Structure formats: C-alpha cells, structure tokens
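Please read them in order, with the sequence at hand.

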Amino acid sequence: MPDVEMKLRFPRVTKVRLEKFSLYKSAPVIELTFPEGVFCLAGANGLGKSTFLSAINYAITGVVCEPNPKFQSVEESYASSLSYAGDYFSGRISEPDRKAAEVTVELSVGSRMYRITRGLFEPTELRELLIYEVSDSVATVCVDTSLLSPGERHERYAESITEDTGLASYAQLVFLQNYLLTFDESRHLLFWHQRVLEQVLYIAFAMDQNVAKRADLLRREERDFDSKARHDSWRATELRNKIGELEKEVNPNDESPDPDLAEKHRELLDLIDARQRIVDGLKDQIGDADLKFQGLSARHMSLRTEYEVVFNQHFNIHSNVQHHPLIRLSIGKGRCELCGAEGESIVRAIEVRSKSNICPLCNNENVDGADGADLLVHLQNIDTEIGNAQKELDSLVQKKQRLQLEQEAALADLKSAVEELCGFERANEDALQQLNRSDGQPSDLDVVLEKYRQQMALLIKNKLNWYARRDEKRRELAKLQHELESKYTAAEMEFVPLFKNLAGHFLGLDLDVRLETPRSSPELNLVLEITGSERRQPHQLSESQRFFVDIALRMALSQYMADPASTSSLFIDTPEGSLDIAYEKRAGDMFAIYVSNGHHIIMTANINTSRLIQSLAQRCGREKMEFSPMTSWTELSDVQIAEEEAFKDAYTEIDAAFAKHEVSLGA
C-alpha cells in the first residue's frame, strides 16, 4: 500500500526486443536500447511506427488501448481492454508466427530493474520475469519466478510493479500508461475528456492513491445506480402505457403477454441468432481460406511446371557441347572420335574448347551466351516465387486448422443455446402458447392489469431506491472532490508554472489553467484560458494547438507526479501533418524543455515533421537524443521507394542539426 503524500516512480523503458513481429518483414529480431532523453523512430506512413509504441505498452501492461475507447472507470477500462490486443496483433502477425511472436522490455522502476517477456497473444501471462536490484554494478535477484506458471508470473509482476510505482492497483498503472503517458491522436485528448481527466487529477493531486482508487469506485457506483434508476423509470413508463391501453380496450379477449416471459424468450432467440452468425462467419472464413488455398495450389503447380520448362532450356544450352556423347567418348578414350587423332594434347584441346563456349567442330563462340545467363536468373526468380507460394500455403493450412477449432467451439456454443431454448419452451409451454395464440381466446384482463400494476409499483420503488443510493455516493464523492480541490490549490504553485512554460512556449501566447466543477457535469475539470478567453471545446483551437497543448498537459502532469528521485517517460506518436511551419520548431523546443528537466521521450515521427526533429536534435544533441530510421525494418511500397531520396535529404538535414548542437557546445 502506498504511503500518504508519496509521489510516483514511473517505469522507464531502457531496452526493447521484438521477435517474429511479422509486420517488420526485413527484421525478424529488433533490439533497441533507449538513451537518456529522446529516442525518435522515424519513417514513412504505413511502416508500423504506431504499432511499435503499442507493442512496448503491451509488454508493460498486457493491454493495447482501443482507438476512441469508451471510458467508464479505471478498473472497467482495464478489464474491457484485455481482449482487444489479440484483434490488434492478428492483423500484424502472420499465422506461422503467432506462437513465437513476443516482446521483451527492460524497465527501471526506482531502484529496481524488471525484465519481462510477453507473448503477443498472452495478455495475462509472462514467458519471462526477472526482478533485480543493481548496487555497485552488482545485480541481485529480488524475485525468483522460474518455478511459476506464466499466469502466476503475470500476477507476481502486477503485484510487484504496483508496489514499486507507488500506485494502489495494477489497473491504475495500465490507465496511466495508456491514458496519460501515451499520446495518440486517435484516442481522446486528455484536456477534453472529463471522465479520464478527473481520474488523472485524483492520482496526481490526492497524494494518496487509495483516495484515487476510492474516487474511481464511487464514480463507477454512482453511474451504475443512476443507470439502473433510469432503466427502471423507463420500464415503469412502458408498463404505465400498457396499462392505459388495456384499460381502454373494449374487447376483453385481447390478452397482453407476460413481458418478463416474452423478454426471456426473445433473449434466447437473439442468443441463438448471434451464435449462428458467429458459426456462419467462421464458415465464410474457412470457405475464403479454401478458395485462396486452391488458387495458391494452382499457382504453385504452374510455377513448378514453368520451372521444369525453363530448366530444360537452360540444360540444353549449357550441356549440349560439354556433355555431347561424341565429346564425352573422345575424352574417355583419349582420341578424337571424329578424325582419329590421339594424345594428351588432343584431349586437352577438346576439353578446353568444350568448356570455353567454343564448338570443337565449327569453332562457334556463342554456344553458352547471354541467353543462358538470363535463363539462370529466370530460374532463380521462379524458385523464389515457389518458396513464397509454399510459405503462403503452409500459413493457410495453419489458419484453416485454427478456424476449424474455433468453428467447433462455436457450434458447441450454438448447440448449448438451442438446448437451453428447448428446455425453456418445454418448461413454459402453456404460457408461450398463450403468448403466440392467434385464435382470440380470452384471458382474465383484471389479473393481467393487476400484475402490471404490481410490476410498475415495484419498478417505481426500485427507481427511488437506486436514486437514493446514487445520491449517497455523490455526497461521499463530493467530500473527496473538496479534498482534491484543497490539494490542488496547494500544488498549483508548482504544477501550473510547469504547464504554462511548456504550452506557452509552444503557443507563444499568454495562457492559464484552473480547476473547476461545472454545474452541468459532476466531474472535476481543468479549464484552459488563452489570452483571457476560456477554451472549453476542442473546436475552439486549431488541430495543432489541440494536440500539442494536450501533450504539454501530459508533460506537466507527469513531471509533477514523478518522485523527485525518479523521472517520467512519455510515449508520443507525433501527429502527422498537423503542424504548420510556424509551430514545428516550437514543438521541438517544447519537447527539448521536457527532456532538459531530466525526463524522457520515446516518440515516432513521419519524415514530414523533420523540422520538429531538427529542432530537437539541435537542442538535445547526440548525448540526449537518438534518431533511428526504420526504413530497413520492412519492405517499402512503390510510393515509398520513389520518395527514398526525399528521406535521405531529411536525414542529412537532421544530421546537420546534430552538428549545430556540437558547434554550439564548442563555442
């Protein structure tokens, strides 16, 4: 349990290793060591820059955050995000590499070092866990996990790193890593997402992470009770309308069905439909795999046939002279079988001419010419295509086997749902017949009406109870909010200047930030003011202003939250194409300020943001920044290949920026 008023020790990634990451076709193993300061991975669109950051975050947390996620609470966010990683990596890891693909990271957390290896489809397991401390260059193992199962290793890791960071739960670590320490423009911006921002504020300023955890639980319960109250209110209104219709009904033969029974029956039918769709979807995927397999098989056979034809042509060209029976017989007998001349000199002459592309009979010097060389290259190309086709065939076989196993499981689920429906219909046969009858037989209207009235009364009672419980949670939450406001006021003198320095340096405008609880929303909120004007909505700033002011907020919060003996690390997927020329250098300078305060950035950038990178390089120098192009990691598209010269020019300009830093030091 963290101590009261203790700041956080954020994990800092020092090394990463990716193995069998199929997206990076040209680099089966990628190993990188991150420097103090900035690590910038640069490349063109579509090479996998964002995926690189997601892979590191996944190693740390077991989670890949969904684009534009719906956030309810810290705990719910962690639970709901666990399943997304499999979908995310399925499109980036080929079928043959699924089991072998893994990511290893080394982290420093306070005085401890962590080395963890996680399979890309094993979010709650660890293949390796090593926790040790380094003192006087001697590493001492703190936790031996060699005898633990992969699931137990993950649990031990979650427990240990939660304690070492100073947080109250592992879900808080996952939340901070994905929602605060990682900037990705496809997700919500922190400044304009009140639910996320409120929980960040509790973790940042409450000083006791158990208070933040309690606030998160209260907010979740408050929303849950409010939702239940509104649901029961809606159901009561529906029943009131039904009662009104029945009371006006002249014909007593019209019987209203039991809504609970009908609802249960509909749910079972919907469940069967949903599971049938899953079965049908898998059937379609298997069918698609079969069609692709047939096409590839035909292609594979065609290539092998073509190979035989070209090989025969190549053999005929290369072998007709050297291996002609008359030549072989003459060399074997030691005399020319054409004219009868004998002796070693005759044999040597025959051998030399047959091997030197000269016909011994007519002196033709074009026996083995350019056509033969072209055929050899053609043979090599066909052989490569055959190998690629075979790999695709093997991958399809593995994929089909996996899909068939999933189809078997889906069929079992469908069978289970059908059996449940049959059992329900047998148990409620009479009632269901009444629900579905079309012969107009009468039922007791008074009994039905009384049943509906009782149900409506119960719903109204439940609604009032839910609202009462919601209000109780709100009152308790209000106390925590008042405490947080007090803590924020005390911290304002430290936090606000950090933010104003970073954001002001980028915008070049006078700005401020303040804490408030809006009347229209129960969540605490930070309000941004620029030149005295409140900017409560995202559209009140330009795209580049929104993105980089939000990054400035994350930098200021992470600096403030970090223990004085520790540092913070930001993961930034640099927004592509959002900066105009006037702001590119300012953004680089803002990043450099963050680094100069002792913190770290792992960032990705498109080469079209090279002015930002140049500014960083000139400010940080090679001692505080490493620039790594990723064009060698994977195969380039035709468009990317066509622009290789532009990439080289950008890299040259970045090297020149590093040189300017060195010159300024010398001066």
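1. Two strands are said to pair if DSSP finds at least two bridges between them. With that in mind, Glu516 stands opposite Asn525, a residue of strand E10. The model discussed here is a predicted one.

2. How many bridges join E9 to E10? There are six, and the two strands run antiparallel; E10 covers residues 525-530. These strands belong to an open sheet of three strands, in the order E9-E10-E11 and with antiparallel pairing. Its edge strands are E9 (511-516) and E11 (533-534), each of which pairs on one side only.

3. A separate point concerns Thr182, which lies in strand E8 (residues 182-183). Is this residue buried or exposed? Thr182 has a relative accessible area of 5%, and it is therefore buried, the cut-off being under 20%. The side chain of Thr182 also makes a polar contact of 2.8 Å with the side chain of Asn57.

4. The largest pocket holds about 1000 Å³ of space. It is lined by 31 residues, and those closest to its centre are Ser22, Ser94, Glu95, Pro96 and Ser395. Helix H8 (259-319) and helix H11 (370-427) are the elements that give two or more residues to this lining.

5. Which element gives the most to the lining of the largest pocket? That element is H11, with eight residues. Sorted by class, the lining of this pocket comprises 14 charged, ten nonpolar and seven polar residues.

Methods
Residues numbered from 1 in each chain as written. Predicted model: local features only at pLDDT ≥ 70, side-chain atom pairs only at ≥ 80, totals over all residues. Heavy atoms only, no water. Helix = DSSP H or I, 4+ residues; strand = E, 2+ residues; numbered from the N terminus. Buried < 20%, exposed > 50% of the residue type's maximum accessible area, 1.4 Å probe, protein only. Polar contact = N/O pair within 3.5 Å; in protein donor to acceptor, adjacent residues only side chain to side chain. 1 Å grid on protein atoms, 1.4 Å probe; cavity = no way out; pocket = protein on both sides within 12 Å on 5 of 7 lines; lining within 4 Å. Points joined across faces, edges and corners; volume = space filled by probe spheres on them. Nonpolar A, V, L, I, M, F, W, Y, C, P; charged D, E, K, R; others polar.
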